[in-house]
Amino acid sequence: MSALLGRQRVNFGSRYGAAISACEKAGEWTAACALLKSLQTSGVDMDAFPFSATISASSRAGEWQVALHILSQMKWHQAQHGWVQGFSCFFVQMVQQGCEG
């Protein structure tokens, strides 16, 4: 039973990630940020996808300060949950390129 509940929590997080990705594609970076914040406060286990989609949405809109803030949140979550280090390296490079360009 607990394995089933765990899968439902992950599925819930994936649905948020898909919604954030849709906001990214539509250029709705503020909606993406609102969804990410809602997901963070929900207590659902998250992976890097909602963060990466929100960083992408913010950076595409030229909101680099927001993207950097979300990157720092992502790194904190990474440290708390033991995510793969490669995620943050990729996004640091992406944000740095956007700030320089």
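**Overview. The elements of the chain run α-α-α-α-α from the N terminus on.** This is a predicted model. The chain holds five helices and zero strands. It has 101 residues, and 33% of them count as buried. Take the contacts between residues at least 6 apart in sequence: 55% of these join residues at least 24 apart. The views below start with helix α3 and then turn to residues around it.

**View 1. Helix α3 covers residues 49-60.** This helix has twelve residues. From its first C-alpha to its last it reaches 16 Å. That is close to the 16 Å expected at 1.5 Å a residue. How many of the twelve residues of α3 are buried? Ten are, so α3 is mostly covered. The buried residues include Pro50, Phe51, Ser52, Ala53 and Thr54. Ile55, Ser56, Ala57, Ser58 and Ser59 are buried too. Just after the helix comes Gly62, which takes a positive phi of about 80°.

**View 2. Helix α2 packs against helix α3, with a contact made by residues of both.** Two packed helices are described by the angle between their axes and the distance between the axes. Here α2 spans residues 29-42. The axes of α2 and α3 come within 9 Å. They cross at roughly 155°. Angles over 145 degrees count as roughly antiparallel, so α2 is roughly antiparallel to α3. The crossing of α2 past α3 is left-handed. Which residues make the contact? From α2 come Trp29, Ala32, Cys33, Leu36, Leu39 and Gln40. From α3 come Pro50, Phe51, Thr54, Ala57 and Ser58. Sorted by class, this contact has eight nonpolar residues, three polar ones and no charged ones.

**View 3. Ser58 sits in helix α3.** Is Ser58 buried or exposed? Its relative accessible area is 0%. Buried means under 20%, so Ser58 is buried. Now set aside the neighbours within four places in sequence. Ser58 is then in contact with Trp29, Cys33, Glu63, Val66, Ala67 and Ile70. Of these partners, Trp29 and Cys33 also belong to the α2 side of the contact with α3. Ala67 gets a view of its own below.

**View 4. Cys33 lies in helix α2.** What does Cys33 touch, not counting residues up to four places away in sequence? Its partners are Thr54, Ser58, Val66 and Ile70. Thr54 and Ser58 are on the α3 side of the contact between α2 and α3. Another pair to find is Cys33 and Ile20. These two are 13 residues apart along the chain, and their C-alpha atoms are separated by 8.0 Å.

**View 5. Pro50 is found in helix α3.** With a relative accessible area of 2%, Pro50 is buried. Pro50 and Cys33 are 17 residues apart in sequence. From C-alpha to C-alpha, Pro50 and Cys33 are 9.5 Å apart in space.

**View 6. Gln40 lies in helix α2.** Gln40 has a relative accessibility of 26%, so it counts as partly exposed. Which residues does Gln40 touch, leaving out those up to four places away in sequence? They are Met46, Phe51, Gln73 and His77. Phe51 is one of the buried residues of α3. Gln40 and Pro50 are ten residues apart along the chain. The C-alpha atoms of Gln40 and Pro50 are separated by 9.7 Å.

**View 7. Ala67 lies in helix α4, residues 64-81.** Ala67 is buried, and its relative accessible area is 0%. It is one of the contact partners of Ser58. How far apart in space are Ala67 and Ala57? From C-alpha to C-alpha the gap is 8.3 Å, and the two are ten residues apart in sequence.

**View 8. Glu24 has its place in helix α1, residues 2-26.** At a relative accessible area of 13%, Glu24 is buried. What does Glu24 touch, residues up to four places away in sequence not counted? The answer is Ala53, Ser56, Ala57 and Arg60. Among these, Ala53, Ser56 and Ala57 are buried residues of α3.

Methods:
Residues numbered from 1 in each chain as written. Predicted model: local features only at pLDDT ≥ 70, side-chain atom pairs only at ≥ 80, totals over all residues. Heavy atoms only, no water. Helix = DSSP H or I, 4+ residues; strand = E, 2+ residues; numbered from the N terminus. Buried < 20%, exposed > 50% of the residue type's maximum accessible area, 1.4 Å probe, protein only. Contact = heavy atoms within 4.5 Å. Expected span 1.5 Å × (residues − 1). Axes fitted to C-alpha atoms, helices over the stretch in contact; angles between N-to-C directions. Parallel < 35°, antiparallel > 145°, perpendicular 65-115°, else oblique. Left-handed = near helix turned anticlockwise from the far one by under 90°. Nonpolar A, V, L, I, M, F, W, Y, C, P; charged D, E, K, R; others polar.
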